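Trainee: Could you show me how to read paired charges in a model such as this one?

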Amino acid sequence: MRAITASRAENLPIGELSKRGGVNIETIRYYERVKMLAPPLRTASGRRVYDESDLRSLVFIRRSRALGFSLD
C-alpha cells in the first residue's frame with residue numbers, strides 16, 4: 001500500500017475514499033451510521049468530503065475486521 005500524504009488525501013469524495021480504502025461506498029455509509037467513522041464534512045452542495053484522518057480510520061477498521069474483530 002502506498003503511503004498516505006496530506007496533499008493526496010485532502011477533500012476526497014466518497015468514491016475516491018472507497019477506492020483508496022479498499023471498501024465499498026455502502027460500507028463507508030454504514031460505518032458512518034453506526035458511528036465507526038465521524039460524520040464527514042460537506043460541500044456547499046451537500047457532497048461528502050473526507051480527509052487523511054478519515055482514510056486512516058477506514059483502513060484501520062478494514063484491517064481490524066480482516067483480523068476477525070467485530071464492530072462491537
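Trainee: Where do Glu-16 and Arg-20 lie, and how many residues apart are they?

Mentor: Side chains of opposite charge can pair when their charged atoms come close. Here, Glu-16 and Arg-20 are both in helix 2 (residues 14-21), 4 residues apart, which is about one turn of the helix; helices (H or I, at least four residues) and strands (E, at least two) are DSSP runs, numbered from the N terminus. This is a predicted model, in which local features need pLDDT of at least 70, side-chain atom pairs count only at pLDDT 80 or more, and totals for chains, interfaces and linings use all residues. Residues are numbered from 1 along each chain as its sequence is written, and side-chain values use heavy atoms, with hydrogens and water left out.

Trainee: What do Glu-16 and Arg-20 form?

Mentor: They form a salt bridge, with the closest N and O atoms 2.8 Å apart; the term requires a side-chain nitrogen of Lys or Arg within 4 Å of a carboxyl oxygen of Asp or Glu. The structure holds 4 salt bridges.

Trainee: Which side chain does Glu-32 meet in a salt bridge?

Mentor: Glu-32 meets Arg-48, at 3.1 Å from N to O. Because Glu-32 lies in helix 3 (residues 25-33) and Arg-48 in strand 2 (residues 48-49), this pair ties together parts that are 16 residues apart in sequence.

Trainee: Is Glu-32 buried or exposed?

Mentor: Glu-32 is buried, at 13% relative accessibility, whereas Arg-48 is partly exposed at 23%; buried means under 20% relative accessible area, exposed over 50%, and partly exposed in between (1.4 Å probe, protein chains only).
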